[in-house]
Amino acid sequence: MACSSCGVIVAVLLVVAIGYEVDGRFSNEGCDLFEGSWVYDNVSYPLYDPEGCPFIEKEFDCQHNGRPDSSYLHFRWQPSACNLPRLAGKRFLERLSGKSIMFVGDSLSLNQWQSLTCMLHRSVPDETYTSRKTGGLSTFTFRSFNVKVMFSRNAFLVDIVSTPEGRVLELDSIESGKTWKDIDVLIFNSWHWWLHIGRKQPWDLIRDENAIFEDMDRLVAYGKALETWANWVDSNVHPAKTTVFFQGISPDHMNGSNWGEPNAENCEGQTRPLQGTTYPGGRHPAELVLEKVIGAMKKPVYLLNITTLSQLRKDGHPSLYGFGGHRAMDCSHWCLAGVPDTWNQLLYTALVQM
């Protein structure tokens, strides 16, 4: 499953071709799965009924929260040069029997973790499962397959330490990495919380090596934290044992000018994706920082390059139908069923290629 012969390959943007299966593996002829468009498909989508996923978080269950439209449930990601395979849940669990998968990151990782557990539960509805939360670690176990699907909440990847001066974001410290060791599949994510200010900002100061700052350019800080994470992966991950992914940058939709609707203040009322294969607002700046850091790594990290395909889905957010209801606008997270299901199809496709 993991890449033990990658040597000095520093990063892999998942570019594979999916046409047919041979001995349980999908053929590889060079198709970019991340370049494509969204097509309406009310026959095979959604991949599961949220009502049939009893453990789904309220904040992602947009239909239950009263969202009046449902067309967003029926869009399928269509790569330009091939087809994206449907996640075969039972095969996925059989392939990973006796292994553990861990999503590490913020609530966007929670979004993807919830999506995967719903998809797998839909595939094996009679399978006995357990769900347990201890502190910031949630573990969903499919007992007969002995597969653990885990979520470790860690918004910055690096540490936040309480000191007499206040809460310090330590850009060069990553003690939390102890919980990641010996996991078979790691899927990291970080970005959403780097832009928070005021009451939502969970730190007071930033430490960069021996220097203390009240603040700094957030993209610069993000890049430094990613370098610390990359050094941890290079020093601690054994590719023969562990496969490492990075989720990529999940975009928000808080400014309609970015997608050609200057009168749209946010994602409220959006019911259809953008057409075409490119996003009018261009590439996400954090995406460029992430690719630079991964490109300098010694150990292989597989980038789930979900940014552009997610940028096209201005309709996929809870908006007024999330956790806060009509008191809060959520154009960052994603309704389930929805966009994160495609992220997990891409994850599945990558894993069966290995």
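I looked up Cys-335 in this predicted model and found that it counts as buried, because its relative accessibility is 0% and the cut-off for buried is under 20%. Its partner is Cys-62, with the two sulfur atoms 2.1 Å apart, and Cys-62 is likewise buried at a relative accessible area of 0%. I noted a torsion of about -95 degrees about the S-S bond of Cys-62 and Cys-335, so this disulfide is left-handed. The pair links distant parts of the chain, 273 residues apart, with Cys-62 in the loop between E4 and E5 and Cys-335 in the loop between helix H5 (307-311) and H6.

I then turned to the loop between H5 and H6 again, since Cys-331 lies there too, and its bond to Cys-267, in the loop between strand E15 (243-246) and helix H4 (285-295), ties together parts that are 64 residues apart in sequence. The S to S distance of Cys-267 and Cys-331 is 2.1 Å, and the torsion of about -85 degrees makes this disulfide left-handed. I counted 4 disulfides in the structure, and one of them joins Cys-31 to Cys-82, with -70 degrees about the S-S bond.

Next I checked the nonpolar packing. The largest nonpolar core has 64 residues, of which Phe-103, Val-149 and Phe-245 touch the most other members. Several elements give two or more residues to this core, including strand E6 (100-105), strand E9 (147-153) and helix H6 (339-353), and the largest share, 8 residues, comes from H6. For Phe-103 I listed the contacts beyond four places in sequence, among them Trp-113, Leu-116, Val-149, Ile-187 and Leu-347.

Note on methods. Residues are numbered from 1 along each chain as its sequence is written. This is a predicted model: local features need pLDDT of at least 70, side-chain atom pairs count only at pLDDT 80 or more; totals for chains, interfaces and linings use all residues. Side-chain values use heavy atoms; hydrogens and water are left out. A nonpolar core is a set of buried Ala, Val, Leu, Ile, Met, Phe, Trp, Tyr and Cys residues joined through side-chain atoms within 4.5 Å. Buried means under 20% relative accessible area, exposed over 50%, partly exposed in between (1.4 Å probe, protein chains only). Helices (H or I, at least four residues) and strands (E, at least two) are DSSP runs, numbered from the N terminus. Contact means heavy atoms within 4.5 Å. A disulfide is a pair of cysteine sulfur atoms within 2.5 Å.
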